Amino acid sequence: MSRRMLINYLLFILIIIFTYIGIKYPITEDQKINRNAITTLKPGNITDIKIETADEILVLKKQGTSWNIESPINWFANNIAAERIASLAAVEPQSKLPKDQIDVSTLGLRIPKAVVTLNNKSIYFGDTNRIGNRRYLMVDPNVYLASDIHYIFISQGLSGLIDNRLLPSRLELTELKFPAFTLHKSESTWSTNAENKPSQHVTQLINNWHQKQATIKPYDRTLNPLNKIKASLQSGSDIEFFVLSIKPEIIIARPDLNIQYHFPDHQYYELLSLDQPAEPSK
């Protein structure tokens, strides 16, 4: 066998071996590292988020594919907002410089606007750069200049990170009690004690409480409740809501979470009634 034939034969064997390895042990997306990013973390591998600002400290934990807020309250998080913050790990900066080569106080990093810790990696938020809507970020040992697309979710605090639905669909609801009527679940069917109400209205009202999205604000305890609504869960616990306003907007509060949900007033029949709105007169 000639030397050239031997080399070709060996190359052919190596190609077969590497092809086999590539098929049997493929590189997953989570194993690919973006060497240009500010961290080596993959957003899909992040399970813990801690956000520290001058006003509050928020702790989020991922369970399966869903995020929960663990502190300062224990409730469901807004998955979209949480995943966007997790994507901070893969941000590609426009420039970087070792932090010991620059006075970080001139960039707002001596006392940062916020500190976000993804798993065990802390990211410090400094000032914005006047050109191109960019922000200074510090991830030891470097300072980066990157597009300012994450701070807006952080600056909103709890209101921007909590699930903005009254009763997230992950809850196993068994009863929803309004002042004038009650909705009750038996096996998989919802019914009501209100007379002459179509079953589809009952089901739709429950769906609206699971799906309609609100604007979240801190609970204003100076407002007196107009009435109360109680949700009973399969776990045996109850959730109490206070209806604070109907017009010019619907405000429904969760005193235990210290928040309130704001909806436009035209959603009254979708959230608080089994009746249908009257047809406008011609």
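Predicted model: local features only at pLDDT ≥ 70, side-chain atom pairs only at ≥ 80, totals over all residues.
Trainee: Let's begin with the overview. How many helices and strands does the protein chain have?

Mentor: The secondary structure comes to six helices and 17 strands. The protein chain has 282 residues, and buried residues make up 38% of them. It exposes about 17,000 Å², with carbon and sulfur atoms supplying 51% of that area.

Trainee: And what share of the contacts joins residues at least 24 apart in sequence?

Mentor: Take the contacts between residues at least 6 apart: 54% of them join residues at least 24 apart.

Trainee: On to the sheets. What is the strand order in the open sheet of nine strands?

Mentor: When you read a sheet, walk across it strand by strand. Here the order is β4-β3-β2-β1-β6-β7-β8-β9-β5, and the pairing is antiparallel. The edge strands are β4 (75-76) and β5 (95-98), each of which pairs on one side only.

Trainee: Can we zoom in on one pair? How many bridges are there between β6 and β7?

Mentor: Five bridges, with β6 (residues 114-118) and β7 (residues 121-129) pairing in the antiparallel sense.

Trainee: What about the open sheet of eight strands, and which strands stand at its edges?

Mentor: That one is also antiparallel, in the order β12-β11-β10-β14-β15-β16-β17-β13. At the edges stand β12 (189-192) and β13 (215-218); each has a single partner strand, so one side of each is left without a neighbour in the sheet. From one strand to the next, the twist averages 25°.

Trainee: Which strands does β11 pair with?

Mentor: K177 has T182 in β11 as its bridge partner. Then there is β12, joined to β11 by four bridges, again antiparallel. In that pair, L183 stands opposite T192.

Trainee: How do I read the turn there? Which residue takes a positive phi in the hairpin of β11 and β12?

Mentor: Look at what lies between the strands. This hairpin has two residues there, and E187 takes a positive phi near 60°.

Trainee: Let's follow β16 now. Is it mostly covered or mostly uncovered?

Mentor: As a general idea, side chains in a regular strand alternate between the two faces of the sheet. In this case β16 (residues 249-254) is mostly covered, with five of its six residues buried. Three bridges join it to β15 (residues 238-245), running antiparallel, and F242 stands opposite A253 in β16. The hairpin these two strands form has three residues between them.

Trainee: And how many bridges join β16 to β17?

Mentor: Six, and β17 (residues 259-264) runs antiparallel to β16. I250 stands opposite F263 in β17. Their hairpin has four residues between the strands, and N258 takes a positive phi near 60°.

Trainee: Now the inside. Which residues have the most contacts in the largest nonpolar core?

Mentor: The general idea is that in soluble globular proteins, nonpolar side chains tend to be buried together. The largest core here has 64 residues, and I49, L183, W209 and F241 have the most contacts inside it. Apart from it lies another core, of seven residues, including V104, L109, M138 and L145.

Trainee: Which residues is I49 in contact with?

Mentor: Leaving aside neighbours within four places in sequence, I49 contacts residues including L58, W67, I85 and V116.

Trainee: What about helices? How far does α5 reach?

Mentor: Compare the span with the expected one. α5 has 13 residues and reaches 18 Å from its first C-alpha to its last, close to the 18 Å expected. Its buried residues are V202, L205, I206, N208, W209 and H210.

Trainee: Why does N208 count as buried?

Mentor: The cut-off is under 20% relative accessible area. N208 has 7%, so it is buried. Beyond its neighbours within four places in sequence, N208 is in contact with E270 and L271.

Trainee: And N78: buried or exposed?

Mentor: Buried, with a relative accessible area of 18%. You'll find N78 in the loop between β4 and α2 (79-86). Not counting residues up to four places away, N78 touches G160, L161, I162, D163 and N164.

Note on methods:
Residues numbered from 1 in each chain as written. Heavy atoms only, no water. Pairing = 2+ DSSP bridges. Core = buried A, V, L, I, M, F, W, Y, C linked by side-chain atoms within 4.5 Å. Buried < 20%, exposed > 50% of the residue type's maximum accessible area, 1.4 Å probe, protein only. Contact = heavy atoms within 4.5 Å. Axes fitted to C-alpha atoms, helices over the stretch in contact; angles between N-to-C directions. Areas by Shrake-Rupley, 256 points an atom, 1.4 Å probe, with all protein chains shown as cover. Expected span 1.5 Å × (residues − 1).
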